[in-house]
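Let's take a walk through this protein, starting with the whole chain and then stopping at a handful of residues.

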Amino acid sequence: MNTHKQGPDSGSAGAEVVRVSGLQVAALKENGQLTPIVQDVAFNIGRGEVLALIGESGSGKTTIALSLLGYARTGCKITGGNIQVGEHDVLTMNDRQLQHMRGRHVAYIAQSAAAAFNPSRTLMDQVIESAMIHKIMSRRQAQEKAVGLFRALALPDPEHIGSRYPHQVSGGQLQRIMAAMAFITDPQLVVLDEPTTALDVTTQIEVLRAFKNVVQQLGTTAVYVSHDLAVVAQMADRIIVLRDGRMREVGTTDHILYHPENAYTQSLLAAARPKLREQPAPSEDAPLLRISGLVAGYGRPDRRGLPSSRVLDDINLTIRRGSTVGIIGESGSGKTTLARVVAGLVAPARGSILLDGEELPPTLENRTRDQFRRVQIVFQNADTALNPGHTIGRILGRPLSFYHGLDKAAQKKRIAELLDLVQLPANVIDRLPGELSGGQKQRANLARALAAKPDLLLCDEVTSALDTVVGAAILDLLTQLRRELNVSYMFISHDISTVRAICDDIVVLYSGHMVEQCPREALAEAPRHPYSHLLMSSVPDLRPGWLEQAAGRTPQGLPPIGPSDRSIDICTFVDRCGLRMDGICNTVQPPRRLLDNGTRILCHRTISDLEQLQAPLIAEQEIAA
């Protein structure tokens with residue numbers, strides 16, 4: 001792919017495969033009226049070119065992408081325009097013709113691979129299904145082609161992985177197998193709809209490499225839908241910036257990233273580079289929360305009283321009043337379990353949790369109403385956290401009544417104050433959650449927690465489901481609330497940039513162990529734990545070509561989280577570590593080292609070893625910044 005075409009509106013890479021003009025899509029209201037949601041969209045895509053559609057939720061990017069398959073979501077209707085894919089005039093085709101086109105000439109790769117697979121059928125059967133339906137090759141030929149695609153997509157054991165079932169592979173592997181399903185018929189166009197959004201950062205980089213490799217090998221024409229500009233910078237030749245269903249700016253990737261002309265594009269780029277937020281100084285008094293020797297997990301306890309599935313091991317941390325501690329790590333590292341233990345939703349097997357010096361009972365049943373009030377949890381998904389059948393006013397009124405005994409008049413006044421605090425308009429009080437945007441629902445979710453007047457908020461991935469601009473606004477709000485209310489946060493995220501932007505101190509979890517603790521400034525410095533280094537190395541930069549440069553320093557085909565042998569206490573990162581020392585790392589528990597900058601790491605390697613490895617990446621990041 002060529003990501004360095006000249007000029008903001010350069011032509012296509014080859015003969016035009018896709019031609020779209022005057023595209024109009026509308027939503028059908030209950031009264032039968034049509035409301036435009038995509039208006040006058042037009043673009044061409046050349047053979048072998050990747051075009052990215054960028055914008056917030058509601059910008060129309062997925063709606064436009066789906067229209068290329070002749071599809072409109074429930075409640076929507078394509079009301080005008082022309083779409084040409086190869087020789088196919090998409091909007092004039094009947095249902096039978098569209099069925100023949102989909103999967104054969106136009107393929108789709110969705111955000112969630114898990115929802116795209118039948119759990120009762122082998123992966124191979126599902127990958128080759130489209131080729132069998134369209135009768136474009138024999139079963140044997142399709143299987144041979146699938147193995148070739150598995151190999152091109154850097155899947156392990158490509159000759160045999162097709163015999164497995166969906167639950168027997170990882171999320172990143174399943175996402176790549178879904179790509180093989182799309183590419184099996186040599187489609188003229190592939191639509192990739194947020195295909196890496198749900199993945200951990202280390203998995204994302206593997207999947208991006210695989211996607212880019214196969215797109216280049218096959219000369220694929222593609223549309224890449226995303227809200228992540230750093231990801232798009234690695235994949236796209238050209239970018240269309242969308243807002244409210246309209247095209248705001250079109251240009252080459254270089255032009256959009258380095259010379260944006262539209263104010264909205266400029267705001268997207270600013271939000272994609274999280275700024276360090278100035279935080280008020282935390283209290284120097286006794287810690288608000290102190291966790292000591294915490295062990296927790298799930299399953300029947302053994303003779304020592306330890307759970308059969310241990311998720312957290314020897315967790316020790318403090319949160320000062322008015323401070324924010326960030327907890328980062330991949331899925332399966334124990335982040336959410338830690339929050340649930342503090343909230344009283346999971347009982348610890350060992351250890352203690354002190355709130356203002358007093359022991360917190362292990363479960364909610366034994367906590368007082370005031371202890372319950374002082375520690376509140378804000379869940380990641382506001383859609384499931386808010387009762388869809390209750391108005392925002394009723395949702396906020398319940399904790400006001402439960403914790404503070406406010407009557408209806410006092411509740412109404414306090415609800416108005418809470419809505420103002422989280423910057424929501426007063427008229428949402430009578431609206432249902434389904435009538436709010438994603439960012440508004442998360443603000444309402446936050447307001448409900450604040451209604452209790454807590455001392456500690458456990459924020460579990462509260463921005464991960466939000467677009468970049470909306471997520472940045474939520475971070476600004478959290479910083480403002482901390483300043484005004486002196487509330488403390490445990491901020492859980494897999495996004496390193498977000499954690500660095502808002503937190504005073506950072507804890508890196510890996511397989512339930514604290515492998516690093518550091519002030520936020522130290523996370524960008526060498527030395528650091530090899531796992532922290534892997535996380536930092538895997539975050540895409542906002543510049544084309546980063547993916548190729550990163551190939552030499554980030555490992556491919558990482559094994560699952562945790563050591564393969566858990567029968568002895570050894571470094572949990574040993575199977576993935578490029579610095580492992582056999583005979584030591586796989587036999588002896590690592591020491592916890594205190595570095596000059598206040599960082600504590602759990603590692604056998606010397607400080608000089610770590611600095612030598614990590615210095616080149618640190619220098620590169622400073623140049624990029």
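Start with charge: there are 66 positive and 66 negative side chains, and the centres of the two sets are 4 Å apart. Here Lys and Arg count as positive, Asp and Glu as negative, with His and the chain ends not counted; each charge is placed at NZ of Lys, CZ of Arg, CG of Asp or CD of Glu.

Before going further, some ground rules. This is a predicted model, in which local features need pLDDT of at least 70 and side-chain atom pairs count only at pLDDT 80 or more, while totals for chains, interfaces and linings use all residues. Residues are numbered from 1 along each chain as its sequence is written, and side-chain values use heavy atoms, leaving out hydrogens and water.

Now the overall build. The protein has 21 helices and 22 strands, which are DSSP runs numbered from the N terminus (helices H or I, at least four residues; strands E, at least two). The C-alpha trace spans about 70 × 70 × 50 Å along its principal axes. Of the 625 residues, 53% count as buried, meaning under 20% relative accessible area, with exposed over 50% and partly exposed in between (1.4 Å probe, protein chains only). Among contacts (heavy atoms within 4.5 Å) between residues at least 6 apart in sequence, 69% join residues at least 24 apart.

First local stop: Ser 67, in helix α1 (residues 61-67). Ser 67 counts as buried because its relative accessibility is 0%. Its side chain reaches the backbone oxygen of Ile 64 at 2.5 Å, a polar contact (a pair of N or O atoms within 3.5 Å; within protein, one must be able to donate a hydrogen and the other to accept it, and residues adjacent in sequence count only if both atoms are side-chain atoms). Beyond the neighbours within four places in sequence, Ser 67 is in contact with Leu 23, Ile 78, Ile 83 and Val 90.

Next up is Ser 130, in helix α4 (residues 129-133). Ser 130 is buried too, with a relative accessible area of 14%. Ile 184 sits 54 residues away along the chain, yet the two C-alpha atoms are separated by 7.6 Å. Ile 184 is also among the contacts of Ser 130, along with Gly 103, Arg 104 and Thr 185.

Then look at Ser 493, found in strand β18 (residues 488-493) and buried at 3% relative accessible area. A polar atom of its side chain lies 2.9 Å from the backbone nitrogen of Asp 495.

Lys 335 takes us to helix α11 (residues 335-343), where 7 of the 9 residues are buried, so the helix is largely enclosed by the rest of the structure. Lys 335 is itself one of the buried residues. Just after α11, Gly 344 takes a positive phi of about 90°.

Glu 461 sits in the loop between β17 (456-460) and α17 (468-485). Glu 461 counts as buried at 8% relative accessibility, and its phi is near 55°, a positive value in a residue other than glycine. Asp 244 also has a phi near 55°; look for Asp 244 in the loop between β9 (238-243) and β10 (246-252).
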